[in-house]
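Here's a quick walk through one model, from the overall fold down to a couple of residues. Have the viewer open as you read.

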Amino acid sequence: MALVTEVVRERGNVKDKTFQKFIAAGYKKEQVMELLLGIALKTISNYLDHICPTTIDQAFMAGNR
């Protein structure tokens, strides 16, 4: 999705044209907040895993099915 890509690449500085295309595609202005929350959650989760990596439980490792 162009809006998400632009939000991430431009660090939140989205062109009005991109925003208007999002609205024209049938989305509502309020749904931008949902996108931002998704981006924020993914960013925080990645940062946390880089700083404090989690190990995979043995039961979930490949070959244990």
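## Ground rules

This is a predicted model, so to speak of local features takes pLDDT of at least 70 and side-chain atom pairs count only at pLDDT 80 or more, while totals for chains, interfaces and linings use all residues. Residues are numbered from 1 along each chain as its sequence is written, and side-chain values use heavy atoms, with hydrogens and water left out.

## The chain as a whole

The protein chain has 3 helices and 0 strands, giving the pattern α-α-α along the sequence. Its radius of gyration is 17 Å, well over the 11 Å that the globule rule gives for 65 residues, so the chain is more spread out than a compact globule. Helices (H or I, at least four residues) and strands (E, at least two) are DSSP runs numbered from the N terminus; the radius of gyration is taken over C-alpha atoms, and the globule rule is 2.2 Å times the number of residues to the power 0.38.

Along the principal axes, the C-alpha atoms fill a box of roughly 50 × 25 × 15 Å. Buried residues come to 11% of the 65. Buried here is under 20% relative accessible area, exposed is over 50%, and partly exposed is in between (1.4 Å probe, protein chains only).

## How α1 meets α3

The axes of α1 and helix α3 (residues 31–51) come within 11 Å and cross at roughly 50 degrees. That makes α1 oblique to α3, and the crossing is right-handed. Axes are lines fitted to C-alpha atoms, for helices over the stretch in contact, with angles from 0 to 180 degrees between N-to-C directions. Under 35 degrees is roughly parallel, over 145 roughly antiparallel, 65 to 115 roughly perpendicular, and the rest oblique. A crossing is right-handed if the near helix is turned clockwise from the far one by less than a right angle, left-handed if anticlockwise.

On the α1 side, Leu3, Val4, Val7 and Val8 meet Val32, Leu35, Leu36 and Ile39 of α3. The contact residues divide into 8 nonpolar, no polar and no charged. Contact means heavy atoms within 4.5 Å. Nonpolar covers Ala, Val, Leu, Ile, Met, Phe, Trp, Tyr, Cys and Pro; charged covers Asp, Glu, Lys and Arg; the others, Gly among them, are polar.

## Ala2 and Thr18

Ala2 sits in helix α1 (residues 2–9) and counts as exposed at 54% relative accessibility. Thr18, in helix α2 (residues 16–24), is buried, with a relative accessible area of 12%.

What does Thr18 contact, leaving aside its neighbours within four places in sequence? Ala2, Leu3 and Glu6. Ala2 and Thr18 are 16 residues apart in sequence, yet 7.0 Å apart in space, C-alpha to C-alpha.
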